[in-house]
Every structure is written in structure tokens, then in C-alpha cells.
Amino acid sequence: MNTIRTIIFDLGAVLLNIDLKKAVAAFSELSGKSEEELSSRIYETTLFNQHEIGAIDNDTFLAKLGEELGVVGQPQALAAAWDKVLLDFPQERIEMLKKLKPNHRLLLLSNTNELHVLSFNQQLARENGVPGGLPELLDGVYYSSRMGFRKPDPAIFKSVIQAEGIKPEETLFIDDNPANCTTARSMGFQVEQMNPNSGDFSFFKEYNITY
């Protein structure tokens, strides 16, 4: 096993606890549509994917979402409902990053949208005492909304490799999504698939990573 010089973290369910059902419930309350109806279509639609790769901006996304849900003219309420996905950054994970950073290059590669980028960075400042948000804790931050690709597309991994000049065989990729892990593994990364929201980084010892 090669020495790990770089660690690439996913965000949702790895560093940041999330709950997709909470947004579905909030959208249901706003729209009057059932949670069952919404949960079957809401996350893997063209609209959400376009927003997540930055193909449409926040205002367009909220306007189109309002049309789809029948909640027109309430962008702030829709944005607040969408933010219900985001739970919390456990402080021990913040401290872990601070301790890892002196000895490893720490990167983030996340499928996320610009509404959530604003919200979770504000949350880090407000609740965790990290005024600079994720860029303060990591050496490089890569969001799908700014790269034009989503995991598990190999293109997003290639972009990070080129931008950072990293060697996949010396890089540990951590994600909770099986498809993302499969692509990373096929590209030569060392990979750990996490149990969502578990905060269990005990596998670090297998790579001689201490903090």
C-alpha cells in the first residue's frame, strides 16, 4: 500500500450530516403534494442535476422548482425547505481536519449546488467557529456546481487530478456513494466507502494515518 499524501473527502454524509427526507417533508408541506410522490422524483430530475452542475443559477432553479411544485413566488421558502437536507458538522470532524492538515493535503470533492454552498459555509461560521467555511479547513475545495460535472463522471476526477497534480495511488478517496467509489477505484485511487453519517474514520489506521 502506497503512502497516503492526499485525502479527498466527499461532503454530504461524510463530513456534513444530511437527511434527504427532511427536504422532501418540507417541500410536501409547502406544496401539499405527498412525500411519497415527491421522494420518487425530486432528487434525480433534470432540474436538480442542472443546478448541481451549475447549468442554471439559483434564481432559475427556485423559479422552476416553484412551478413544478405549484409554489410560485416563494423563492425564500423553497430555499429554506431545500436547506433542510443539511443537518450539522459534528465538531469532532472539524477537529479531525485541523489535525490531519499539517501532514496531508486535504481536498473536498462534492456534488452540491450553490444554494447549499452558501448555507453550509454560513453554518460552519455560525455554529463551528470557522469563519472562512470549508476553504479554511481544506487545501482545495471542488464543487460540481463550479466544475460542470457530477460524480461519478470520470471527468470530475480527472479535473481534480490535473488541478492538484496528485497521484491517485497516493490519494485516499472517501465517499458514501457506491458508484462514486467504483469510479475512483477504477482510476487508481485508494478508496473507502463510508456508512452515511457514521463519522467512523477508523479505517485511517489501515493507512497509517493518525490525528
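In which helix does Ala125 lie? Ala125 belongs to helix H7. This report considers that residue together with several others, after an account of the chain as a whole. The model under discussion is a predicted one.

**The chain as a whole**

The secondary structure of the protein chain consists of 11 helices and 5 strands. A compact globule of 211 residues would have a radius of gyration near 17 Å, and the protein chain, at 18 Å, agrees with that expectation. Taken along the principal axes, the box filled by the C-alpha atoms of the protein chain is roughly 55 × 35 × 30 Å.

Of the 211 residues in the protein chain, 50% count as buried. For contacts in the protein chain between residues at least 6 apart in sequence, 69% join residues at least 24 apart. As to charge, the protein chain carries 20 positive and 29 negative side chains, and the centres of these two sets lie 4 Å apart.

**Strand S2 and its partners**

Strand S2 pairs with strand S1 (residues 6-9) in the parallel sense, over 4 bridges. In this pairing, Thr6 has Arg105 of S2 as its bridge partner. Strand S2 also pairs with strand S3 (residues 140-143), again in the parallel sense and over 4 bridges. Here Leu107 stands opposite Gly140 of S3. In a regular strand, side chains alternate between the two faces of the sheet.

His104 is found in the loop between helix H6 (91-100) and S2. With a relative accessible area of 12%, His104 is buried, because the cut-off for a buried residue is under 20%. Apart from neighbours within four places in sequence, His104 is in contact with Ile4, Arg5, Ile7, Asp139 and Ile209.

Thr112 lies in the loop between S2 and helix H7 (114-128). Its relative accessibility is 5%, and Thr112 therefore counts as buried. With neighbours within four places in sequence left aside, the contacts of Thr112 are Glu52, Val117, Phe120, Tyr143, Ser144 and Ser145.

Ala125, the residue of the opening question, lies in helix H7. Ala125 counts as partly exposed, at 34% relative accessibility. When residues up to four places away in sequence are not counted, Ala125 touches Val130 and Pro131.

Where is Ala13 placed? Ala13 occupies the loop between S1 and helix H1 (20-31). Ala13 is buried, with a relative accessible area of 2%. Leaving aside neighbours within four places in sequence, Ala13 is in contact with Ile18, Asp176, Asn195, Pro196 and Asn197. Although Ala13 and Asn177 are 164 residues apart along the chain, 9.4 Å separates their C-alpha atoms.

Asn197, one of the contacts of Ala13, lies in the segment after strand S5 (190-193). Asn197 is partly exposed, with a relative accessible area of 28%.

The accessibility values of the residues described so far are set out below.

| Residue | Relative accessible area | Class |
|---|---|---|
| Ala13 | 2% | buried |
| Thr112 | 5% | buried |
| His104 | 12% | buried |
| Asn197 | 28% | partly exposed |
| Ala125 | 34% | partly exposed |

**Backbone geometry**

Most residues other than glycine have a negative phi, and most peptide bonds are trans. Against this background, Ala13 is not a glycine, yet has a positive phi of about 75 degrees. Asn197 is likewise not a glycine and has a positive phi of about 65 degrees.

Which peptide bond is cis? The bond from Lys151 to Pro152 is cis, with omega near 10 degrees. Pro152 is found in the loop between helix H9 (144-147) and helix H10 (154-164).

Note on methods: Residues numbered from 1 in each chain as written. Predicted model: local features only at pLDDT ≥ 70, side-chain atom pairs only at ≥ 80, totals over all residues. Heavy atoms only, no water. Helix = DSSP H or I, 4+ residues; strand = E, 2+ residues; numbered from the N terminus. Rg over C-alpha atoms; globule rule 2.2 N^0.38 Å. Buried < 20%, exposed > 50% of the residue type's maximum accessible area, 1.4 Å probe, protein only. Contact = heavy atoms within 4.5 Å. Lys, Arg positive; Asp, Glu negative; His and termini not counted. Charge placed at Lys NZ, Arg CZ, Asp CG, Glu CD. Pairing = 2+ DSSP bridges.
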